[in-house]
Amino acid sequence: MTLTDLGPAANATTFIGIIGPPASGKSTLATSLSRALDAPIIRPRDAIRAVVADEPQLHELFVPINELGWVSDGALGLAVRAAVARIPAPCRAVLLENLPGDTFQVADIHMAVRQRGGRFVVLHLDSANEVLIARGTRRRVCQTCEADSTADPHEPAQPSTIDPRMCGRCGSPLSVRPDDEDGVLRERTVRHRHYARGVLRMVTALGIPLIGIDAAATPSAVHAAAFDAVTLLATPAHHGG
Ligand SMILES: [Zn+2]
């Protein structure tokens with residue numbers, strides 16, 4: 001089923017923001033919703049690559065501001081605005097993975113979506129810090145399977161059942177994501193909570209539907225909760241009486 005199946009009254013693009021602390025399952029949920037809704041995914045790092053590919057002269061705006069390769073909030077905002085603007089009009093649903101990340105991005109996306117007559121909903125994955133940090137610490141990536149980003153793999157790898165240090169798909173040794181290293185993960189979680197307070201306040205103030213999802217649930221339960229909420233919101237209020 002796609003959002004198109006919901007009928008002509010649902011023909012506006014629904015922008016689905018997915019936010020939550022590190023290791024809350026944002027990437028997994030974005031991937032499963034993308035398949036279920038036949039929707040593209042906007043990711044901050046892809047948005048930055050696209051801007052620089054399109055306008056190489058802007059490269060200097062995206063110089064990393066720390067050893068983790070983060071760019072300035074202003075540069076990220078620019079890249080996200082450009083990515084949202086590039087979504088073609090007939091697109092029924094778009095996933096925003098790990099976006100909006102700050103109050104300015106909430107406002108930017110809200111205004112861009114309103115301008116094109118679309119909808120904006122935010123899914124908030126959350127659980128206790130200790131649950132998420134324990135999960136993030138166990139998380140591994142495969143530099144072989146994720147060949148297009150060898151320097152910076154992000155997608156969770158499936159460990160081998162025989163030797164969990166090896167990739168279940170290709171047999172290569174798995175590695176820890178640099179930003180999941182000890183201390184760094186905790187720092188990212190604290191940083192997320194700081195920004196999230198403002199994001200949630202702004203989302204509520206603008207009347208953007210906000211759906212809280214228990215990140216400790218299984219990926220399929222998280223997907224089902226998100227899918228039901230999104231399809232319900234995309235259905236006109238008067239639908240079914
Ligand atoms: Zn692999």
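In this predicted model, the lining of the second largest pocket comprises 1 nonpolar, 4 polar and 2 charged residues. The residues concerned are Ser27, Thr28, Thr31, Ser32, Arg35, Glu155 and Pro156. The volume of this second largest pocket is about 190 Å³.

A zinc ion is also present in the model. Four cysteines coordinate the zinc ion through their SG atoms: Cys142, Cys145, Cys167 and Cys170, at 2.3 Å. The site is tetrahedral, with angles of 104 to 113 degrees among the 4 donor atoms. Along the sequence, the donor residues follow the spacing C-x2-C-x21-C-x2-C. Cys142 and Cys167 both lie in the loop between helix H5 (129-138) and helix H6 (184-205), so this pair ties together parts that are 25 residues apart in sequence. Cys142 has a relative accessibility of 3% and therefore counts as buried, the cut-off being under 20%. Cys167, at 4% relative accessibility, likewise counts as buried.

The largest nonpolar core contains 27 residues. Those with the most contacts inside this core are Phe15, Ile42, Phe62, Val94, Leu96 and Phe120. Helix H3 supplies the largest share, 6 residues. In soluble globular proteins, nonpolar side chains tend to be buried together.

Note on methods: Residues are numbered from 1 along each chain as its sequence is written. This is a predicted model: local features need pLDDT of at least 70, side-chain atom pairs count only at pLDDT 80 or more; totals for chains, interfaces and linings use all residues. Side-chain values use heavy atoms; hydrogens and water are left out. Donors are N, O and S atoms within 2.8 Å of the metal (3.2 Å for Na, K and Ca); water is not among the atoms, so sites may look incomplete. Four donors count as tetrahedral if all angles lie between 85 and 135 degrees; four count as square planar and six as octahedral if opposite donors are over 155 degrees apart and all others between 65 and 115; anything else is irregular. Helices (H or I, at least four residues) and strands (E, at least two) are DSSP runs, numbered from the N terminus. Buried means under 20% relative accessible area, exposed over 50%, partly exposed in between (1.4 Å probe, protein chains only). On a 1 Å grid over the protein atoms alone, a cavity is a set of points where a 1.4 Å probe fits but cannot get out, and a pocket is an open set with protein on both sides within 12 Å along at least five of seven lines; lining residues have an atom within 4 Å of a point. Grid points are joined across faces, edges and corners, and a volume is the space filled by probe spheres set on the points. Ala, Val, Leu, Ile, Met, Phe, Trp, Tyr, Cys and Pro count as nonpolar, Asp, Glu, Lys and Arg as charged, and the others, Gly among them, as polar. A nonpolar core is a set of buried Ala, Val, Leu, Ile, Met, Phe, Trp, Tyr and Cys residues joined through side-chain atoms within 4.5 Å.
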